[in-house]
Every structure is written in structure tokens, then in C-alpha cells.
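Hi everyone, thanks for coming.

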Amino acid sequence: MYKLFFKRIFDFCFVFVVLLTIWPVLLVVAVCLRLANKGAGILFAQERPGKDGKVFKVIKFKTMTDERDSEGNLLSDEKRLTKIGKFIRSTSIDELPQLINVLKGDMALIGPRPLLPQYLPLYNREQARRHEVRPGITGWAQVNGRNAISWAKKFELDVWYVDHCSFLLDLKIIFLTIKKVFVREGISSKTSVTMEPFTGNN
């Protein structure tokens, strides 16, 4: 009953109160990014598959510039990630605009993180079960390693959450997420400043 009905009510009420509380912080972050991103903007929206694989646009703070090399190609993530952007990403502040996605019903507060649409045909049947619930701003995989664990382990944790979703588990994930933000664990993988692409084999 919680997963099908009360979870959505809890998400909406909780996020509405949070937005009313933190809007001054969001304003300060927006001003800082406006100055740091060299004209690249402060927000960006990307298509992501949500519940049942339905694609929506997820909103995030933009933590990188749009700087390019002499041939017009974007520089690497590491070179485009600003100092302010690195701090905002390490504290997960870049995820806060997704609270709007939660209000709209595209996302939940807790759930598997929404990934790229091109990954959809790469999932096996078990991995695809992560789309049986709304994607979340944070989730079981995020508090158990985030980008520092393998894709296979991440999907295993996502599916475990789908099968064990409950109010108490969501509260546990919220508190563990707050802890992770302060400790700043698992922001990067071992081989990338963010996370290496999923190829279906990793």
C-alpha cells in the first residue's frame, strides 16, 4: 500500500516543505553558478527513463562549463568541472532542482537513480526491473557506494529496493543520504571524475 499510494503523498508533502525552506540556498547557488560557468547557464535538463521506462526531463544544476577544444569538441568532464561545480557536486547540491521533478510526479524522493535512455536496451530482464518504481533523487545504491561501485552491483541494489520498498526503508535512506553528503563518499568512480558509461558488460 505504501509503494502504490502513500509514498507519493509523503514525497509531495515532504518536498513541498523542503523547497519552502531551502529556496534562499537555491538562489545563492544559482548566482554562484552564473558567475562560474562562463555563460553556460545554471540549469540543464536531460531526458531520462522513469517508471515503466517512460522518458521525462530531469532538472539539475549545471556544474560544468561548455568549453571546447580547437576542433569544437567538448573538453573532458574533469577539465570542464569548475571548483564551485566540484563542491556543489560533492555535496549533492546539484541534485536539488530534481525536487521539482518530484512535485511533478516524474520522480520520487527515494528510488533508483534515473539513467540515460540509451541504456534501456542494454539491461537484462532483472536489471530492467529498476523501472517498476519511480526513479529517485537518492536511493539504496547511492547510500551503498554511489559512483564508487560497479554497475552490476548498483543494479542489484536498485532491484533489491524495488522488492523491499517501505516507509521505514525510505526514512533510513534519507538519513544515510544526509550522512553521505557530509562525508562526501562515493562521488567518483575509480576511473572517472563522475561514472564511466554503462556498456552492458560492466
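I'll start with the first helix and then visit a few single residues. One thing to keep in mind as we go is that this is a predicted model.

So, let's look at helix α1, which covers residues 2–36. What would a straight helix of 35 residues span? At 1.5 Å a residue, the figure would be 51 Å, yet α1 spans only 42 Å between its end C-alpha atoms.

Next, which residues of α1 are buried? There's a whole series of them, including Y2, K7, D11, V15 and L19.

Two packed helices are described by the angle between their axes and the distance between the axes. For α1 and α6, the angle is about 45° and the axes are 11 Å apart. That makes α1 oblique to α6. On the α1 side, the contact is made by Y2, K7 and F10; on the α6 side, by F167, D170, L171 and I174.

Helix α3 is worth a quick stop as well. Its buried residues are G85, I88, R89 and S90, and they pack against α1 and α6. Just after α3 you'll find S92, with a positive phi of about 65°.

K38 follows α1 and sits in the loop between α1 and β1 (43–49). Its phi is near 55°, which is positive even though K38 is a residue other than glycine. Is K38 buried or exposed? Its relative accessibility is 61%, so K38 counts as exposed. The other one is D52, in the loop between β1 and β2. Phi of D52 is near 60°, again a positive value in a residue other than glycine. With 63% relative accessibility, D52 counts as exposed.

R80 belongs to helix α2, residues 77–80. Its relative accessibility is 10%, and buried means under 20%, so R80 counts as buried. The side chain of R80 reaches the backbone oxygen of T65 at 2.9 Å. Leaving aside neighbours within four places in sequence, R80 is in contact with T63, M64, T65, D66, E67, L74 and L75.

Q98 is in helix α4, and at 0% relative accessibility it counts as buried. Which side chain does the Q98 side chain make a polar contact with? That would be E95, at 2.3 Å. Beyond four places in sequence, Q98 is in contact with V58, I59, K60, M107, R113 and I137.

Last stop: W160, in helix α5. At 34% relative accessibility, W160 counts as partly exposed. W160 and W140 are 20 residues apart along the chain, and their C-alpha atoms are separated by 8.3 Å. Setting aside neighbours within four places in sequence, W160 is in contact with W140 and L169.

How values were computed: Residues numbered from 1 in each chain as written. Predicted model: local features only at pLDDT ≥ 70, side-chain atom pairs only at ≥ 80, totals over all residues. Heavy atoms only, no water. Helix = DSSP H or I, 4+ residues; strand = E, 2+ residues; numbered from the N terminus. Expected span 1.5 Å × (residues − 1). Buried < 20%, exposed > 50% of the residue type's maximum accessible area, 1.4 Å probe, protein only. Polar contact = N/O pair within 3.5 Å; in protein donor to acceptor, adjacent residues only side chain to side chain. Contact = heavy atoms within 4.5 Å. Axes fitted to C-alpha atoms, helices over the stretch in contact; angles between N-to-C directions. Parallel < 35°, antiparallel > 145°, perpendicular 65-115°, else oblique.
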